[in-house]
Amino acid sequence: MSDTHNSQNTHGGHGFETVAIHAGNTADPLTGAVVPPIYQVSTYKQDGVGGLRGGYEYSRSANPTRTALEENLAALEGGRRGLAFASGLAAEDCLLRTLLSPGDHVVIPNDAYGGTFRLFAKVVSRWGVEWSVADTSDPASVRAALTPKTKVIWVETPSNPLLGITDIAVVAQVAREAGARLVVDNTFASPYLQQPLALGADVVVHSLTKYMGGHSDVVGGALIVADPALGEELAYHQNAMGAVAGPMDAWLVLRGIKTLPVRMDRHSENATRVADMLSRHARVTRVLYPGLPEHPGHEVAAKQMKAFGGMVSFQVEGGEEAAVAVCDRAKLFTLGESLGGVESLIEHPGRMTHASVAGSALEVPGDLVRLSVGIESADDLLADLQQALG
């Protein structure tokens with residue numbers, strides 16, 4: 001598997017683990033505190049009219065705790081600018097309203113987070129933006145979906161909830177040839193496992209709620225860009241629209257990121273064991289995990305990812321009711337939405353996270369169960385799934 005994401009050049013001469021702990025985390029100049037303070041403040045005393053102290057005037061525009069997080073995010077993704085938002089969808093909304101105008105067109109994946117689909121289908125489309133669906137794992141499908149008005153190609157890899165894999169470098173070339181920007185939702189992988197900007201993407205999107213925060217105690221979102229000019233445009237819209245990360249939320253994400261590498265290693269190890277067990281279980285008809293050699297995206301994932309992550313989906317015999325019953329019988333796996341925390345979660349996408357895509361080209365199978373595999377004892381997780389499957 002590739003170690004591109006850990007390149008010394010990408011992170012200014014330091015390894016990823018070092019950057020995760022130190023980037024943006026400058027010791028407080030007043031007290032020497034090694035953790036950035038929570039600047040729970042709305043406004044700042046100015047050094048005369050128009051004289052901003054350190055560039056701060058009002059915390060919607062900038063806040064020192066959020067600045068620390070944004071510097072950290074940019075460093076981890078190898079980008080030139082990072083921006084932190086109140087949620088992943090707030091980040092997506094700001095991005096789309098910055099990049100698009102009425103009449104523009106977007107290619108979206110045939111497997112994506114239900115909230116992202118809802119944003120395109122129910123909100124952005126009312127603004128006159130058109131969209132069409134493509135299998136982003138197939139470059140020919142992406143090319144076929146392009147129109148002269150295409151401004152953005154949107155990718156999730158691994159995708160949610162079917163764990164599809166898209167070759168970022170290949171689709172980045174398709175985007176360049178079309179004069180479009182490539183946006184990659186890197187939430188499932190995190191920058192520790194995958195760095196889309198280094199592979200040619202223009203923008204990286206994160207739900208910081210998930211692996212970056214890592215402890216199911218904060219909601220946040222982020223955009224990281226390679227182009228400083230685009231970063232300035234996004235910062236203007238972030239301030240104008242106002243859905244910024246609060247200082248406490250920014251601080252919690254910064255704290256979570258410090259352990260991101262060690263957590264992702266354990267998530268990936270546990271998920272591999274879970275996927276192996278499920279692939280041998282008599283009641284499981286299909287396992288979706290890019291770490292399995294039989295996964296159609298396995299070779300691409302091995303090329304562009306350090307490891308295969310903590311998300312596993314599977315289909316069970318007996319259809320939708322059987323899948324729901326598995327979710328209900330789980331005990332150690334908590335029935336709940338979201339993902340990426342230290343504790344393991346189980347859910348039924350068709351009735352929960354992806355209910356908004358019912359009846360669309362993104363509709364998910366009724367017999368599908370999605371797991372966010374945590375960092376508990378792998379033996380305990382396997383035992384719980386075995387009893388839940390019956």
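Colleague: Where is Ser 344 found?
Modeller: This is a predicted model, where local features need pLDDT of at least 70, side-chain atom pairs count only at pLDDT 80 or more, and totals for chains, interfaces and linings use all residues. Residues are numbered from 1 along each chain as its sequence is written, and side-chain values use heavy atoms, with hydrogens and water left out. Helices (H or I, at least four residues) and strands (E, at least two) are DSSP runs, numbered from the N terminus. Ser 344 sits in the loop between strand S10 (334-335) and strand S11 (345-347).

Colleague: Is Ser 344 buried or exposed?
Modeller: Buried means under 20% relative accessible area, exposed over 50%, and partly exposed in between (1.4 Å probe, protein chains only). Ser 344 has 0% relative accessibility, so it counts as buried.

Colleague: Which residue's backbone nitrogen does the side chain of Ser 344 reach?
Modeller: Take the contacts (heavy atoms within 4.5 Å). Setting aside neighbours within four places in sequence, Ser 344 is in contact with Leu 332, Phe 333, Thr 334, Ser 372, Val 373, Gly 374, Glu 376 and Leu 381. The backbone nitrogen that its side chain reaches, at 2.7 Å, belongs to Gly 374.

Colleague: What relative accessibility does Tyr 211 have?
Modeller: Tyr 211 lies in the loop between strand S6 (203-207) and strand S7 (221-225). Not counting residues up to four places away in sequence, it touches Thr 187, Phe 188, Ser 190, Leu 260, Arg 263, Met 264, His 267, Gly 310, Met 311, Leu 339, Gly 340 and Ser 372. Tyr 211 counts as buried because its relative accessibility is 0%.

Colleague: How many Å apart in space are Tyr 211 and Val 300?
Modeller: In sequence, Tyr 211 and Val 300 are 89 residues apart. From C-alpha to C-alpha, the gap in space is 22 Å.

Colleague: Zooming out, what percentage of the protein chain's residues count as buried?
Modeller: The protein chain has 13 helices and 12 strands, and its C-alpha trace spans about 70 × 50 × 35 Å along its principal axes. Of its contacts between residues at least 6 apart in sequence, 72% join residues at least 24 apart. Of the 390 residues, the buried share is 55%.

Note on methods: Polar contact = N/O pair within 3.5 Å; in protein donor to acceptor, adjacent residues only side chain to side chain.
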